[in-house]
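Dear colleague,

Please find below a structure that I am handing over to you.

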Amino acid sequence: MKEKNFQDVMDFIEAVSEKQDLTLNPEREQVKEVASGLMENFNAYGYFCCPCREAWDDRKKDRDICCPCDYCKPDIKQYGQCYCGLFVSKEAAADGRELNSIPDRRDDDLYP
């Protein structure tokens, strides 16, 4: 497996954002922080799992938290941001809304 560097991860994030019509958080420090976590997880597990959640180190079990996770769009719709704050609603990006902690939709029984 070829390790990913920071630019590889940023390219991935930007491609996902465009392909899935997601809005990247305009707060660049938050994007960098999440991107660093995604890079670490890819280099550890071989896939981009959310750095803000516990992973199983099993791609099949972790598929719900592979970026963008299954909870991303419902979180954005309800809270204006995804759980890790990488993606936000267009409205949140436009008005510069500060990120807040939001509940995790992932079932606690799924954690290792």
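How do the residues of the lining of the largest pocket divide into nonpolar, polar and charged? They divide into seven nonpolar, five polar and three charged. Here Ala, Val, Leu, Ile, Met, Phe, Trp, Tyr, Cys and Pro count as nonpolar, Asp, Glu, Lys and Arg as charged, and the others, Gly among them, as polar.

Please note that this is a predicted model, in which local features need pLDDT of at least 70 and side-chain atom pairs count only at pLDDT 80 or more, while totals for chains, interfaces and linings use all residues. Residues are numbered from 1 along each chain as its sequence is written, and side-chain values use heavy atoms, with hydrogens and water left out.

Pocket and cavity

The largest pocket has a volume of about 150 Å³. Its lining comprises 15 residues, and Asn-25, Val-88, Arg-97, Glu-98 and Leu-99 lie nearest its centre. On a 1 Å grid over the protein atoms alone, a pocket is an open set of points with protein on both sides within 12 Å along at least five of seven lines, a cavity is a set where a 1.4 Å probe fits but cannot get out, and lining residues have an atom within 4 Å of a point. Grid points are joined across faces, edges and corners, and a volume is the space filled by probe spheres set on the points.

There is one cavity of 30 Å³ or more, and the largest cavity holds about 90 Å³ of space. Of its 13 lining residues, Cys-50, Cys-67, Cys-69, Cys-82 and Cys-84 lie nearest the centre. This lining divides into twelve nonpolar, no polar and one charged.

Around Cys-69

Cys-69 is placed in the loop between helix H3 (59-62) and H4; helices (H or I, at least four residues) and strands (E, at least two) are DSSP runs, numbered from the N terminus. Cys-69 counts as buried because its relative accessibility is 13%, where buried means under 20% relative accessible area, exposed over 50% and partly exposed in between (1.4 Å probe, protein chains only). Leaving aside neighbours within four places in sequence, Cys-69 is in contact (heavy atoms within 4.5 Å) with Arg-53 and Asp-64. Pro-68 belongs to the loop between H3 and H4, and a cis peptide bond joins Cys-67 and Pro-68, with omega about -10 degrees.

Ser-89 lies in the loop between strand E2 (87-88) and helix H5 (90-95). With a relative accessible area of 8%, Ser-89 is buried. Its side chain reaches the backbone nitrogen of Ala-92 at 3.0 Å. Not counting residues up to four places away in sequence, Ser-89 touches Thr-23, Ile-76, Gly-80 and Arg-97. Thr-23 is in strand E1 (residues 23-24) and counts as buried at 18% relative accessibility.

Nonpolar core

The largest nonpolar core has 27 residues, of which Ile-13, Leu-38, Cys-72, Cys-82, Leu-86 and Phe-87 touch the most other members. The elements giving two or more residues to this core are helix H1 (6-19), helix H2 (28-45) and helix H4 (72-79), and H2 gives the most, with five residues. Such a core is a set of buried Ala, Val, Leu, Ile, Met, Phe, Trp, Tyr and Cys residues joined through side-chain atoms within 4.5 Å.

Backbone

Asp-21, in the loop between H1 and E1, has a positive phi near 55 degrees and is exposed, with a relative accessible area of 57%.

With kind regards

Methods:
A polar contact is a pair of N or O atoms within 3.5 Å; within protein, one must be able to donate a hydrogen and the other to accept it, and residues adjacent in sequence count only if both atoms are side-chain atoms.
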